[in-house]
Amino acid sequence: MSIKETIANIFPKATDIPKEYSIPEIHQKEYLCDGKLLDWSGAVQEVISPVCIKGEKGTLPKKMGSYPLCSEKEARAVLDAAVKAWDFGKGLWPTLPLEKRIKHIEDFAFRMKEQRTLIVNLLMWEIGKNLKASEKEFDRTLEYIFDTIDAVKELDRSSSRFTVVDGIIAQIRRAPLGVVLCMGPFNYPLNETFTTLIPALIMGNVAIFKPPKYGVLLHQPLLQAFAECFPPGVVNTIYGDGATVIGPIMGSGKIDVLAFIGSSKVADILKHQHPAPHRLRSVLGLGAKNAGIVLKDADMALTVKECISGSLSYNGQRCTALKMLYVHRSRVDEFLTEYCKAVEKLKYGMPWENADITPLPEAGKTGYMAEIVADAKKNGAKVVNGDGGISNQTFFYPAVLYPVNKTMRVYDEEQFGPVIPVISFEQIGEPLKYVVESQFGQQLSIFGTDPDEIAQLVDPLVNQVCRLNINCQCQRGPDVFPFTGRKDSAEGTLSVSDALRVFAIRTLVAAKETALNKSILTNIVRERKSGFLSTDFIF
Ligand code: G3H
């Protein structure tokens, strides 16, 4: 079958969907507030899958169900529940011994594990992520929870001691910050919500989380577990239009930490809504336009393999995706030939078929892809892979654009989809200039074999981005590595251990080294009168 025919017939009939991957409609009628699943009978948002189904009336997007479109009233109620649970730091959760908080998190993780099949199916249907990647997102998230538990124990062990300096005895620990608002992105709706929510909770904060616009229903199977595994008000959820529900929450000034993964435009709006922005701590994962630089002596087979996966895994919808490829002029023809061959060999289809390229969840996304391709063509680029850019409803066949130049939208815009801009260069200064002038500063990949040339690039580039990948695509993992960015790409650093620090503040109890103070501290510690002043070890 030709590519055109494949794409024209990409969507299945209802009878083609394997039973194990079909899902019932989910009409979520509740939100989690103060430990209770409260009924919602107001307006709802219909959830439409990016997967379309061929039927008698044509090929139509599958209806998956609906979720509440809460109003300001519910937003204020979840905020009040969180503020009450925090209770100026005196609440049950922030004062609970760490060992007990860990137990609650473990209970939740075990309950979460039971929902794996349903959540993986919902990830496939709701955001079009393929089976393998959806399973990976789920398993990676669970692993992250257990790694966080190990890391927090280690952190606690290193704080379970007194320090004496210049005649002052002190015990230094990390204390929670308060009420955290967690908002994850649509491309990693489970993982990137939980990589902030779990560390925030384990450190003793309370949370409100709002799922992204696409990727809401997949959290529904966890609501009961949240309600039963945590004390009232510790985890609360809210759904609906951001301006309606998040505006009042931020505007109240009662949010202490904003954990947001999404666009810098939305992050700026949220931060400015807080009446005392200096009091708000933020951890933000924002946009990126990571470049891949292919040097003249690059190992072409390896380079193409990494660039394909770097630019097209999950259809290019990763903040870490390679979104601009600079190739040395002497190798550009070879690169384009091999890259386009590899694009043709990818599997195109539905998420449960483990296709490499699947339908796109965002409304109007294929239209946007077509727009930036048309703009590039108008300004001198060609679509160099024969059928590149053809589409069918929510499905877009990758378009490889060459030669790209700075007059084109795709030069600066973060395409976040299956469009691959390629530029050739003669002097290394050309891609370096691109990186320096970019508004983003997340990661970069260099492909080459000469240690001298690579060494000369490392030092200037590590001051432009926060991770330099040699002969490898850009990526976040392993999750113990720091994940951050410069310029418009991030604020704060996330990793298993860094996230614990983000959601806590260093706090100490200090006393002059006098006989009286020594006896007071000894008495408190020996008789376990304080949770903070303690030398107990968690194993
Ligand atoms: O969308 C951004 C993600 O954090 C990228 O994670 O590199 O593991 O796909 P990843």
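Lys-382 stands opposite Tyr-402 of strand S18. The model is predicted: local features need pLDDT of at least 70, side-chain atom pairs count only at pLDDT 80 or more, and totals for chains, interfaces and linings use all residues. Residues are numbered from 1 along each chain as its sequence is written, and side-chain values use heavy atoms, with hydrogens and water left out.

Helices (H or I, at least four residues) and strands (E, at least two) are DSSP runs, numbered from the N terminus. Two strands count as paired if DSSP finds at least two bridges between them.

**The seven-stranded sheet**

Lys-382 and Tyr-402 face each other where strand S15 meets S18 (residues 399-402); 2 bridges join this antiparallel pair. The open sheet has 7 strands and mixed pairing, in the order S15-S18-S19-S14-S13-S21-S22. S15 (382-383) and S22 are its edges; each has a single partner strand, so one side of each lacks a neighbour in the sheet.

At the S22 end, the pairing is parallel: 4 bridges link S21 (residues 443-447) with S22 (residues 467-470). Ile-446 has Ile-470 in S22 as its bridge partner. Helix H16 (residues 451-461) belongs to a right-handed β-α-β unit with S21 and S22. Right-handed means that, with the strands pointing away from the viewer, the path from the first strand over the helix to the second runs clockwise.

H15 (residues 429-437) lies across S13 (290-294), S14 (322-328), S19 (419-425) and S21, at about 160 degrees to S14. H16 packs on the sheet too, touching S21 and S22, and its direction makes about 170 degrees with that of S21. Contact here means heavy atoms within 4.5 Å. Axes are lines fitted to C-alpha atoms, for helices over the stretch in contact, and angles run from 0 to 180 degrees between N-to-C directions.

**The three-stranded sheet**

A further open sheet has 3 strands in the order S1-S5-S4, with mixed pairing. S4 and S5 (residues 58-68) run antiparallel and share 9 bridges. Within that pair, Glu-46 has Ser-66 of S5 as its bridge partner. Helix H5 (residues 116-127) lies across S1, S4 and S5, at about 85 degrees to S4.

**The ligand site**

Which residues are around the ligand? They are Arg-140, Asn-187, Tyr-188, Glu-192, Arg-318, Cys-319, Thr-320, Gln-475, Arg-476 and Phe-483. A residue is near a molecule if one of its heavy atoms lies within 4 Å of it. A polar contact is a pair of N or O atoms within 3.5 Å.

| Residue | Distance to a ligand oxygen atom |
|---|---|
| Arg-140 | 2.8 Å |
| Tyr-188 | 2.4 Å |
| Glu-192 | 2.3 Å |

On its own, the ligand has 310 Å² of accessible area, and the protein covers 95% of it. Accessible areas come from the Shrake-Rupley method with a 1.4 Å probe.

**Backbone details in the loops**

Tyr-402 also takes part in a cis peptide bond, with Pro-403; omega is about -10 degrees. Pro-403 sits in the loop between S18 and helix H14 (409-412). Gly-477 and Pro-478 are likewise joined by a cis peptide bond, with omega about -10 degrees. Pro-478 lies in the loop between S22 and strand S23 (486-487).

Asn-354 has a positive phi, near 60 degrees, and is a residue other than glycine. Its loop runs between helix H12 (332-345) and helix H13 (365-378).

Conventions: A polar contact is a pair of N or O atoms within 3.5 Å; within protein, one must be able to donate a hydrogen and the other to accept it, and residues adjacent in sequence count only if both atoms are side-chain atoms.
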